[in-house]
Amino acid sequence: MFTLLRLIMYRMSVGRRFSDLKKIRLVFLFLGPLLLGSDAAAAPFDYKDALSKSLLFLQAQRSGKLPEDQKVTWRGDSALEDGKLANVDLTGGYYDAGDNIKFGFPMAFTVTMLSWSAIEYGSEIMQAGEMDNLQSAIRWGTDYFLKAHTGLTQLYVQVGSPPTDHNCWERPEDMDTPRNLLQVNASFPGSDVAGETAAAMAAASIVLRATDNAYAEKLITSATQDELLWAAAWLYKATKVSTYLDYVVNNKLWVSAATEFNWENKVSGLAVLMSKLYLSGKSSTMQLQSFKQNAESFICYNLPGSPSRKTSTTPGGLLYLRIGANTQYAVNLAFLLGLYTQYLETANIRQVMCGTKAFTLADIQTFADRQANYILGDNPANISYMVGFGSHFPQQAHHRAASITSIHLMPTSVGCSVGFYRWYNRDAPNPNVLTGAIVGGPNPLDQFNDKRWASSCTEPATYVNAPFVGIMARMAFAKSLCLTPPVKSTPS
């Protein structure tokens, strides 16, 4: 039926148009229910399924002793001696991508974005039956951060050695590469990663307080180690302690508008987060007006048709910034735009000005939703970039655990060289389906190379899935400014 709709639109576009506008209306009147389903606002994808699978991927990334309710059953316990070199327990946490290293910075961003999704879309996530799974995913990260925070100014931020790990292809269950430790402290500061970890624990405390108040308090106590703007904003949101808000206000000149939002650059996320407070009209918020301006500059830098646009999209419509996990930029953009338009609607603001050009909230959110739908399969290649979603998805995710037969089926250890020779270079689908993983995506021309060794295309990451949870919660329940979900433009 979608093919029929495209044929009608094509005939109209090349001049072989219906001579009578009434005939066009009749076509859509009678074919509309068939083309779109019984509900004209029917979504082009099962967003609830995508939400569930986004969270399932995080279980495949778990390090440490796996729980009894582990759903990704082809994984096993791993890295059970992490921290032993310093006589501390650093087991648990997440491997962030396709390797076996635990990087604290992207892990913390993952937890922050999972928490932000839960805070903003809690009712939708509960309606989808996924709140327990989401809280479990958040707590798997915060349990690790509490272990890693070993002193007032001490935080372990990495476990594993990138040079040796990246030269080895083995399951995490077989891992025998060095588990070197990296700590930031007063002598070797790392304010960026400490700030993100503080933000993660503060945001998580908001989500987990209803079910475990004592644990939430423990997170807040640990989170007060650092007070950079992003961390201070989340600490204020979690505690309402004015000192944190004052810190943000007094140091707002540190930041200006940015074109992107990711685990290394929080400026645009900070702008949107603080804009909600500004738009609420509460006392002492006029000093936060610059954050609203930065949020809207971020929109204008990215929106097609904006006179101040600084980024570009692929011919098929995906935001494209750079090679390597490019989907993260599209997903983070979609998360912030979808959220910010809701903030504006609540404040009864109906448009954003980019220079002299006005964009409606519908314009902005449609672009945001376009990013999500592209990733789920509405793209020139007709492929879902979420593994296990739809009928056509990546088969060779760049992921050590997924690419080697499960330890439960093949208990013999797989060493580094054997892993590369037999599994990494094997031009065949992975033996384990990495369900829910969002891979790096296509090149700037919408072309996708589904090969394990093409890591920029096929490697997934937790920090891509985390904001996608919130996007899917919003889109699953049409929390979209009186918009109907967009009709998929290409056949599935």
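In what kind of crossing, left-handed or right-handed, does H8 pass H9? I looked this up in a predicted model. The crossing is left-handed.

**Helix pair.** I took H8 as residues 191–208 and H9 as residues 213–223. Their axes come within 8 Å and cross at roughly 160°. Angles over 145 degrees count as roughly antiparallel, so H8 is roughly antiparallel to H9. I then listed the contact residues. H8 brings Ala-198, Met-201, Ala-202, Ala-204, Ser-205 and Leu-208. From H9 come Tyr-215, Ala-216, Leu-219, Ile-220, Ser-222 and Ala-223. I sorted this contact into 10 nonpolar residues, two polar and no charged.

**Salt bridges.** I found 19 in the structure. I looked at several of them.

Glu-120 and Lys-276 pair at 3.3 Å, N to O. Glu-120 sits in H4 (residues 104–120) and Lys-276 in H12 (residues 267–279), so this bridge ties together parts 156 residues apart in sequence. Glu-120 is buried, at 12% relative accessibility. Lys-276 is partly exposed, at 32%.

Asp-143 and Arg-139 have their closest N and O atoms 3.8 Å apart. Both residues lie in H6 (residues 131–148), four residues apart, or about one turn of the helix. I noted Asp-143 as partly exposed at 33%. Arg-139 is partly exposed at 29%.

Lys-451 and Asp-427 meet at 2.9 Å, N to O. Both are in the loop between H17 (416–424) and H18 (455–458), 24 residues apart. Lys-451 is partly exposed at 24%, and Asp-427 is partly exposed at 47%.

**Network.** I also traced shared partners: salt bridges join Asp-82, Lys-102 and Arg-179 into one network.

Terms used
Residues numbered from 1 in each chain as written. Predicted model: local features only at pLDDT ≥ 70, side-chain atom pairs only at ≥ 80, totals over all residues. Heavy atoms only, no water. Axes fitted to C-alpha atoms, helices over the stretch in contact; angles between N-to-C directions. Helix = DSSP H or I, 4+ residues; strand = E, 2+ residues; numbered from the N terminus. Parallel < 35°, antiparallel > 145°, perpendicular 65-115°, else oblique. Left-handed = near helix turned anticlockwise from the far one by under 90°. Contact = heavy atoms within 4.5 Å. Nonpolar A, V, L, I, M, F, W, Y, C, P; charged D, E, K, R; others polar. Salt bridge = Lys/Arg side-chain N within 4 Å of Asp/Glu carboxyl O. Buried < 20%, exposed > 50% of the residue type's maximum accessible area, 1.4 Å probe, protein only.
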